[in-house]
Amino acid sequence: MAGPIDQAKMKFSRIVNSRSYTRFNQSQNPDGESSRVEVKLGVDGEEEIDGMEQEHMQRDTYTKSSRSGPLNKWRILVWVGGVLVIFCIGLLIGYSVHRKSASASESESESESASASCSPRDGVINDNTEVPLNYPPSLDWSELVTLFSDKLSSNAIADKLNQLEYPRTDRQAGSSADTKLADDIHDIFTQLKMQPWVDEHYVKLQFPNSSNPNKVLFGGVEIGRPKGFLAYSETGRREGRVVYANYGELSDLESEECRPILNGSVVLMRAGKISMAQKVMNAAKMGAVAALIYPDTADYKTASSNTELYGHVHLGSGDPYTPGFPSFFHTQFSPVKSSGLSGILAQTITANMAQSIFEKMGGKDAPTRFKGGLLTSYKLGSESDKVTVEVNNNLADSKIHNVFGVIRGYVDPDRYVMIGAQRDSLSLGYAKATVGTTLLLELARVFAELKKDGFKPKRSVVFASWTAGDFGNVGVTEWLEGYWSSLDRKAFTYISLDGVVTGADSFRASASPLLHTLLQKTLGKIKNPSTNLNLLQSGLSSILAPMQMDDSAYPFLALSGIPSVSFGFISSAKQFLGTDLDEKDNLDRTTNNKVVELSMVAAQVAGQMALRLVHDHILRLDVVKYSDVIASHVSAITKRIDTLKAYKVDKIESLSTKWLNEARSSYVRAAASLKTDIENTDLNDLEMCRIINNRIMRVEHDFLSPYVSSRDVPFRHIFFGDGWQTSTDLEKYLGDVQENKTSLNIDEVLNKFALLTWTIQGCANDLAGDIWSLDNEL
């Protein structure tokens, strides 16, 4: 049967085709995003292909002879008529099939669409669907919030907490237990029809050597063999004078008591206030050869004297052996290390071990502000107090998995808010990982049910389970580095669920200024179960805290320029994260058995923020809030400059703050212009809404300095990043000049001024809209 039909097609092709032809070739885009169509024109003189040759060629490579032989006109009419009949029958069959597929269940249709657009190879969502002409109206906001609250289940949270509490002894990234949990999460996303995918990375992780443990000795006497450790410490054996330096902050190390005796020393510091990585880096900068960190009873009130500490010493995020690029399997790794590695030995010890060292130490008494809660005298140490630190950690090549699932949007499916949680831990990790992962799965379930009940989000919601978080946000950062070139145009907000319940005394949050207004309105409508008052009791400023580098939301903000937020209930005596105290009984005791109740509130905060961001026509990101941030930094810099001019510092007169202030004013005007455009926009105009949202989404990314290398300075954000490009660094430098700590290098200051000014001005230009909308006033 196939032979006569093919012959008929061939003859019909020879009759009706003209001397030139058009060939459509649908092929896969090498970028993996969507199919493309090639259009090719034939020309006279192409060779005729016989039937045998044609059987071995694809349909899209049919060619046309330049000349056709004469045919009987009746035969032509018969063939034309036959082909038209076949065509009509095929058309009717196709229409019937189309009608059946249109009436198929919505979940099956969406499943196929999501599957086509969310592949593990791509790692991000691609837009290969057209916006429907008659977009179905979604639920109004009040109905949506009520439905969301009704679907959240305390029983479901309690059940998931119990299920995820295993394994109690092994949550380390890359372990079999971590992989098993990733598979379980993938299965849950599959059951929810979220078309999950997995992102694999090959990273270097450091673990203790079970056959050759780490050691600490005072003189020739062994103090202990701690089980806790600091990943990415330098390995080897170092000896030096022991010096006690309080929390290891720069102010502690640069004090008149410590600074003169730190070179070549082993610095003993207590945990708290700043990250362990910062402590170790500060010690390295002062010339120390090793660092010891212990939990003082004044800070860790619930800890025993034998509590072990776990952490890492990479002052950055991601795999420190692939700085600036992702650790994919096919990546050719260059032999470089992150500048965030201190290069000195670092080890945690217990409070008992620290007390043994203090009891053997001599020297001057430590300042009052240095004293903790140990039952011993706090000494600075004498020259004869020698401590030896031996670190034998092994660096292991490990495969890790990030797991994703998506609730796909209807209007802008390629725009998405992300909700994520870390699932690994170096310790038991109940508060660190179990609670956040539980809420991730509960929110995924609720969002999937909302969609079944008629909620049609305009944008997508991506749920992410990260791993290797305890090694410095390795899973998060490697994924961001893998897709950073497009993420700022797709992901517009990240909501972190890490550490959402570590206590019950108060509520704290860290967020991009773009999210302050949304956060404030959300918290104002949700009650704190401990006080029965809303979470915003004393205003937003009272609960906001600067986002720290070890926060999983920080790489989104400072590395990729994506607005992010983290929040949680905390305790004044929390301090059990990163220890073996991070387990269920201890968290129940710390929260007065309100873990489930507080988790429900945290889910409300994350869920309502995400819903608002995918429900409204215009993104709820308030660009005006950055006007205050810019004004604050520009004002601080201007005051420093005015003071230096009053002191008549050499060459300072050549420095003007005029253009920096002009850039600030440009941003203020651009933000006001955007607000006017939104007020004058027909919100039913989907294309105009998308244009406005694109302008909003660029703001955070535009504050990443384009004048520094992302490999050398990964956190390029000029306000919340880390490095010489930040406004804070410029303010500090000018302050050091004012306090005579350094001399003024006018060329360096002028360079920083120019780059800071043009970063702000560039953001203002981008926010203002298309280039034909700009004028000299902006």
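Of the 778 residues of the protein, 53% are buried, where buried means under 20% relative accessible area, exposed over 50% and partly exposed in between, with a 1.4 Å probe and protein chains only. The model is predicted, and local features need pLDDT of at least 70, side-chain atom pairs count only at pLDDT 80 or more, and totals for chains, interfaces and linings use all residues. Residues are numbered from 1 along each chain as its sequence is written, and side-chain values use heavy atoms, with hydrogens and water left out.

The protein contains 21 helices and 20 strands; helices (H or I, at least four residues) and strands (E, at least two) are DSSP runs, numbered from the N terminus. Contact is defined as heavy atoms within 4.5 Å. Among contacts between residues at least 6 apart in sequence, 78% join residues at least 24 apart.

In helix H10 (residues 351-360), the buried residues are Ala-351, Met-353, Ala-354, Gln-355, Ile-357 and Phe-358. Their cover includes strands S4 (215-218), S5 (221-224), S7 (236-244), S8 (266-270) and S9 (290-294).

Helices H18 (residues 658-679) and H19 (residues 686-702) pack with their axes 11 Å apart, at an angle of about 150°. Axes are lines fitted to C-alpha atoms, for helices over the stretch in contact, and angles run from 0 to 180 degrees between N-to-C directions. H18 is therefore roughly antiparallel to H19, the classes being roughly parallel under 35 degrees, roughly antiparallel over 145, roughly perpendicular from 65 to 115 and oblique for the rest. On the H18 side the contact is made by Tyr-667, Leu-674, Asp-677 and Ile-678, and on the H19 side by Ile-692, Arg-695, Ile-696 and Val-699. These residues divide into 6 nonpolar, no polar and 2 charged; Ala, Val, Leu, Ile, Met, Phe, Trp, Tyr, Cys and Pro count as nonpolar, Asp, Glu, Lys and Arg as charged, and the others, Gly among them, as polar.

Glu-165 lies in the loop between helix H6 (154-164) and helix H7 (176-191). With a relative accessibility of 18%, Glu-165 counts as buried. Apart from neighbours within four places in sequence, Glu-165 is in contact with Arg-171, Tyr-430, Thr-434 and Lys-584.

Cys-258 is buried, at 0% relative accessible area, and Cys-689 counts as buried at 4% relative accessibility. A search of the whole structure gives 0 disulfides, a disulfide being a pair of cysteine sulfur atoms within 2.5 Å.
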